Amino acid sequence: MKSKKFLFPLITLLISFGCALFISLKVFPNNPFTGNKQEKTAPSKFKDGDLIFQTSESKQCEAVRIATNSKFSHCGIIYDINGKLFVFEAVQPVKLTPLEDWIKHGRDSKYVVKRLKNESVLKPEVLQKMKDYSQQFDGKEYDAYFEWTDNRIYCSELIWKIYKNAAGIELSKLRELKDFNVTDPRVQKILKERYGNEIPLEEKVVAPSDLADSNLLKTVVDTY
């Protein structure tokens with residue numbers, strides 16, 4: 001009799017627990033007590049090694065935009081480091097900047113992301129080689145004189161050298177300073193401040209627009 005007396009409450013308890021578990025699975029499918037994994041998040045629209053371009057607000061970058069007849073005046077390379085996205089950029093100094101912060105620094109937070117058309121080229125070992133090569137520039141001075149040396153470095157030069165020297169990919173041909181619109185008064189003002197009357201018109205240069213227009217790249221994100 002005693003066993004029957006306790007059997008009914010036990011069955012009631014089991015039924016109640018089963019109902020509660022069923023409801024929790026329906027209402028809270030990601031409840032950690034269920035042991036189920038959370039739903040996978042959508043793949044990121046950014047990839048390791050992507051190039052990102054924006055319109056910077058600085059006077060020098062404005063001169064770059066005018067001289068190159070392009071909306072782009074600053075650029076960087078996106079790196080995935082331990083699951084977090086950064087932009088390796090040549091500012092003062094050269095550094096890694098969290099992607100979200102980098103985007104906010106641009107005019108109206110607008111940006112364009114470019115990627116190699118042949119994505120298979122950037123294998124994990126190639127990307128690691130690019131990151132290893134990049135370390136030599138981390139903390140270096142920004143090159144306001146656009147010299148083609150490794151002593152100081154500017155944004156598009158940084159990207160060009162990483163791709164060329166670490167991945168073996170020449171994103172664009174190098175040009176000379178005189179190939180750009182250096183006669184505009186706003187550009188002339190910046191050049192005069194930098195060089196005086198001895199403007200190095202034959203200096204090798206690469207502009208953000210040269211990289212953005214590369215026929216090796218495709219646009220994957222455009223918020224303009």
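**Entry 1: the whole chain.** I reminded myself first that this is a predicted model. I checked the secondary structure and got 7 helices and 8 strands. Then I looked up burial: of the 224 residues in the chain, 40% are buried. The exposed surface comes to about 13,600 Å², and carbon and sulfur atoms supply 56% of that. I also looked at contacts between residues at least 6 apart in sequence, and 69% of them join residues at least 24 apart.

**Entry 2: the sheet.** In what order do the strands of the open sheet run? I traced 6 strands, and the order is S4-S3-S2-S1-S5-S8, with antiparallel pairing. Next I went to the edges, where I found S4 (94–98) and S8 (217–222). Each has a single partner strand, so one side of each is left without a neighbour in the sheet. I noted the twist too: it averages 35° from one strand to the next.

**Entry 3: strand S1.** I zoomed in on S1, residues 51–54. Are its faces covered or open? Side chains in a regular strand alternate between the two faces of the sheet, and I used that to sort the residues. Leu51 and Phe53 sit on one side, Ile52 and Gln54 on the other. All four are buried, so both faces are covered; for "buried" I used the cut-off of under 20% relative accessible area.

**Entry 4: the partners of S1.** Which strands pair with S1? I looked up S2 (residues 74–81), which pairs with S1 in the antiparallel sense over 4 bridges. Across that pairing, Ile52 stands opposite Gly76 in S2. I then looked up S5 (residues 112–116), also antiparallel to S1, over 3 bridges. Here Phe53 stands opposite Val112 in S5.

**Entry 5: S2 with S3, and the helices.** I moved on to S3 (residues 84–90), which pairs with S2 in the antiparallel sense over 5 bridges. Ile81 stands opposite Lys84 in S3. Then I asked what packs on the sheet. Helix H4 (residues 124–134) does, touching S2 and S3, and its direction makes about 120° with that of S2. Helix H5 (residues 155–167) packs on the sheet as well, touching S1, S2, S3, S4 and S5. The direction of H5 makes about 50° with that of S2.

Definitions and conventions
Residues numbered from 1 in each chain as written. Predicted model: local features only at pLDDT ≥ 70, side-chain atom pairs only at ≥ 80, totals over all residues. Heavy atoms only, no water. Buried < 20%, exposed > 50% of the residue type's maximum accessible area, 1.4 Å probe, protein only. Helix = DSSP H or I, 4+ residues; strand = E, 2+ residues; numbered from the N terminus. Pairing = 2+ DSSP bridges. Axes fitted to C-alpha atoms, helices over the stretch in contact; angles between N-to-C directions. Contact = heavy atoms within 4.5 Å. Areas by Shrake-Rupley, 256 points an atom, 1.4 Å probe, with all protein chains shown as cover.
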